[in-house]
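Dear colleague,

Please find below the structure that I am handing over to you.

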Amino acid sequence: MSTTTVPRVTPSRAPHTTDGNGWPQLIEAVREAGLYPTRTKAEQVTRTVLAALGTHVTGDERVDLARALPGEAARLIAAQIPATHRLTAARFVDEVASRTPGATSATARWDVSSVLGTLPPLIGDDLVNRILAQLPAGYALLFGRADLTPAS
């Protein structure tokens, strides 16, 4: 698989909180997207990134995100205490780096993009748009989308 191809989970395979197979499918999608050598590494990265994301998505978007993800991923999102201030995308990546032993900003950005880039086909464009609307500029790139925010 080329490094520019993001694996897609087809609607018939899309995980749901009631689908016991959803978590393994999500981990496999992250493993393929990030070219991680093992499922264990992909799972560690997924847990770290989703836990960090769970602190920054709030309100209805947080509830809807948890509902759209497999049960294990939903628990990671829901277990986080919402942050009192939003981090820029770059600071979010740095936060993930601080939670990952041996990570650099570059490796953390790869990890974040590998996980968040797998979410749009799982949760739908509408929810991704709503999540991006509540986050500071720059997160669209982490979700594998062009950042069309006008420059200030």
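The notes below go from the chain as a whole to one helix and then to one pair of rings.

Please bear in mind that this is a predicted model. The secondary structure of the protein chain consists of nine helices and zero strands, so that its pattern along the sequence reads α-α-α-α-α-α-α-α-α. Of the 152 residues in the protein chain, 48% are buried. The accessible surface of the chain is about 7,600 Å², and carbon and sulfur atoms account for 56% of that area. As to contacts between residues at least 6 apart in sequence, 66% join residues at least 24 apart.

Helix α4 covers residues 71-78, and its buried residues are G71, A73, A74, L76 and I77. These buried residues pack against three helices: α1 (22-34), α2 (39-54) and α3 (59-68).

Which aromatic pair does a search of the whole structure find? There is one such pair, formed by F92 and Y139. Their ring centres lie 5.5 Å apart and their planes meet at 55°, so the pair counts as tilted; the edge-to-face class would require an angle over 60 degrees. Because F92 belongs to helix α5 (residues 89-99) and Y139 to helix α9 (residues 139-142), the pair ties together parts that are 47 residues apart in sequence. F92 and Y139 are both buried.

With kind regards

Methods. Residues are numbered from 1 along each chain as its sequence is written. This is a predicted model: local features need pLDDT of at least 70, side-chain atom pairs count only at pLDDT 80 or more; totals for chains, interfaces and linings use all residues. Side-chain values use heavy atoms; hydrogens and water are left out. Buried means under 20% relative accessible area, exposed over 50%, partly exposed in between (1.4 Å probe, protein chains only). Helices (H or I, at least four residues) and strands (E, at least two) are DSSP runs, numbered from the N terminus. Contact means heavy atoms within 4.5 Å. Rings of Phe, Tyr and Trp (its six-membered ring) pair if their centres lie within 6.5 Å; planes under 30 degrees apart count as stacked, over 60 as edge-to-face and the rest as tilted. Accessible areas come from the Shrake-Rupley method with a 1.4 Å probe; for residues, only the protein chains shown count as cover.
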